[in-house]
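Look at the aromatic side chains to begin.

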Amino acid sequence: MVTFSSYERNTILDAMKREKLDLLVIGGGITGSGIALDAVTRGLKTAVVEMQDFAAGTSSRSTKLVHGGLRYLKQFEVKVVAEVGKERAIVYENGPHVTTPEWMLLPFHKGGTFGPFTTNIGLRVYDFLAGVKRQERRKMLSPEKALKMEPLIKKEGLKGAGYYVEYKTDDARLTIEVIKKAVEKGAHALNYMKVISFIYGENKKVIGVVVEDQTNGEKHEIFAKKIVNACGPWVDDLREIDGSKQGKHLHLTKGVHLVFDKERFPLEQAIYFDTPDGRMVFAIPRDQKTYVGTTDTSYKGDIAHPTMTIEDRDYIIGSINYMFPSLNITADDVESSWAGLRPLIAEEGKKPGEISRKDEIFISNSGLISMAGGKLTGYRKMAEQAVDTVVNQLKSEEGILYSPSETVNLPISGGEVGGSQGFVKFKQEKTDYGKEIGISEENAVKLVQKYGANVDKVYQIYAERKQEAEAESIDPIVFAQLCYGIEHELVYKPVDFFIRRTGALFFDIAWVKTHKNPVIAYMKKKFAWDENQEEEYRNELDLLLNEAVTPTK
């Protein structure tokens with residue numbers, strides 16, 4: 001039986017080493033997770049290794065929108081807009097618990113990037129290219145209607161607004177649900193396993209990797225017929241290890257987002273707005289918070305640890321006060337933040353915001369397949385292209401035929417709720433059941449929205465293990481999520497739980513501070529950490545808590 005429990009890490013590793021793998025995917029972000037799901041559903045024996053936690057890099061640090069790329073119309077990226085625009089609906093229908101439609105207001109002011117005519121034409125083209133549903137097609141609003149929608153926007157020079165649909169998501173949970181579905185289908189996946197070298201056959205073709213377990217320092221060999229490098233910002237690092245970093249290379253750019261309490265920034269309507277320097281920024285309400293971003297600057301620092309700088313923070317605050325002048329937001333109002341990297345394919349002479357978001361596949365002389373570039377929204381199509389490359393090679397070399405991709409209509413884990421229409425009824429039924437077992441309506445709604453069809457397992461832990469939660473001095477709802485994360489989502493470190501599985505460090509930092517000590521104590525006991533491990537993992541969480549509110553210079 002395939003498992004995704006942190007108590008079974010050795011079992012998962014043994015299976016990877018023992019099984020004759022068709023495909024090993026390096027990288028457990030959304031791209032690698034998507035590739036694993038596409039491959040295993042076509043019949044390939046598949047495994048994934050990730051040196052950090054799943055979604056720990058770019059895939060938990062985006063603008064958290066499965067969006068159609070309206071901004072790319074300005075760059076005449078027609079193919080990108082058409083492809084990712086159509087993918088939005090697929091991502092939504094396959095996981096309506098983690099992706100939901102969000103009407104976006106695009107105000108235009110005198111002298112701004114967009115005017116009434118260009119906005120109308122742009123959104124009309126966008127609707128056409130993206131295949132937008134009739135009920136979600138753009139509307140044009142007068143200045144009066146725009147202000148009624150969102151009274152906080154700048155009144156001076158307002159000429160009206162476009163109104164169109166994007167899709168908001170929890171990027172980390174989307175990634176987790178995709179990799180979980182791959183595991184459910186038979187793939188093996190393990191976090192904290194870093195590839196440190198490649199293994200080559202007699203013909204100098206890559207046939208395996210040496211991984212180092214980041215939890216204990218042990219090294220292991222894993223073999224596979226084909227190896228895909230889906231490491232996002234680290235793609236070129238793997239190509240260097242392979243000796244194949246030639247020709248095209250990555251250009252990393254950094255994006256930062258700031259989070260505010262809704263009482264301080266009472267945004268009711270998602271906004272996509274102009275900044276004084278012509279860039280476009282999102283301001284999005286989420287639960288009881290409002291988050292704003294993103295920046296777009298070239299990055300050459302520590303790939304694993306991008307941080308918000310004073311310059312980043314002040315740029316976003318300046319943009320907020322430009323579009324929402326009555327707020328007078330200051331640095332003291334920032335409740336949390338995150339910084340992420342975009343692994344773009346370098347284009348000489350272009351500014352960061354002008355570089356294409358298209359994806360590309362590089363194949364080295366050793367046979368290493370590297371997937372570079374791309375966007376969160378297009379992950380499924382990127383995965384399909386990567387696996388097409390693998391199966392075409394296997395067909396040529398061994399005469400093996402595999403079926404075409406079948407992920408278009410495949411719900412991700414938790415998405416087995418009858419699509420977006422079925423989820424409405426499902427959500428109500430499961431919320432009612434949550435209330436029956438003693439959970440407040442507010443918490444039940446949050447749990448159903450977070451876990452979708454998997455919420456029954458969370459409910460079961462809550463109902464059956466309350467005494468254990470009390471004995472550990474952990475709130476029963478927190479305990480249910482923690483146990484589910486450890487036993488079904490490969491949570492191993494406190495940061496896995498507080499960032500990638502719950503999003504709390506970004507959107508409820510007080511919750512993290514309240515629950516971190518009992519959670520860490522429980523994890524230490526269950527995983528038998530020594531004092532050094534506990535200190536290391538606690539310090540890692542504390543550092544990120546501090547960096548979320550304190551910028552670097």
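The cut-off behind both calls is under 20% relative accessible area. The model is predicted.

Both residues belong to helix H10, which spans residues 419-436. They are 3 residues apart, about one turn of the helix. An α-helix has 3.6 residues a turn, so residues three or four places apart point the same way.

## Aromatic pairs

The model holds 25 aromatic pairs. One of them joins Phe-4 and Phe-54, with ring centres 5.6 Å apart. The planes of Phe-4 and Phe-54 meet at 40°, so this pair is tilted. Phe-4 sits in the segment before helix H1 (9-18), and Phe-54 in the loop between strand E2 (46-49) and helix H3 (78-94), so the pair ties together parts 50 residues apart in sequence. Both Phe-4 and Phe-54 are buried.

Phe-423 and Phe-426 also form an aromatic pair, and this pair is stacked. The distance is 6.1 Å centre to centre, with 25° between the planes. Ring pairs also build a cluster from Tyr-7, Tyr-492, Phe-527, Trp-529 and Tyr-537.

## Charges over rings

Which ring lies under the charged end of Lys-64? It is the ring of Trp-338, with the charged end 4.7 Å from the ring centre. Lys-139 lies over the face of Trp-103, at 4.8 Å from the ring centre.

## The buried face of H12

Helix H12 covers residues 455-464. Its residues Val-455, Val-458, Tyr-459, Ile-461 and Tyr-462 are buried. Seen down the H12 axis, the buried residues fall within an arc of 160°, so they line one face of the helix.

What covers these buried residues of H12? The cover includes H10, helix H11 (441-451), helix H13 (466-471) and helix H14 (476-488).

E2 is covered on both faces. Thr-46 and Val-48 are buried on one side, Ala-47 and Val-49 on the other.

Strand E1 (residues 21-26) pairs with E2 in the parallel sense over 4 bridges. Here Ile-26 stands opposite Val-49. E1, helix H2 (residues 30-41) and E2 make a right-handed β-α-β unit. Strand E6 (residues 188-190) also pairs with E2 in the parallel sense, over 3 bridges. In that pairing, Ala-47 stands opposite His-188.

Terms used. Residues numbered from 1 in each chain as written. Predicted model: local features only at pLDDT ≥ 70, side-chain atom pairs only at ≥ 80, totals over all residues. Heavy atoms only, no water. Phe/Tyr/Trp six-rings, centres within 6.5 Å; stacked < 30°, edge-to-face > 60°. Helix = DSSP H or I, 4+ residues; strand = E, 2+ residues; numbered from the N terminus. Buried < 20%, exposed > 50% of the residue type's maximum accessible area, 1.4 Å probe, protein only. Lys NZ or Arg CZ within 6 Å of the ring centre and 35° of its normal. Arc of directions from axis to C-beta. Contact = heavy atoms within 4.5 Å. Pairing = 2+ DSSP bridges. Right-handed = clockwise from strand over helix to strand, strands pointing away.
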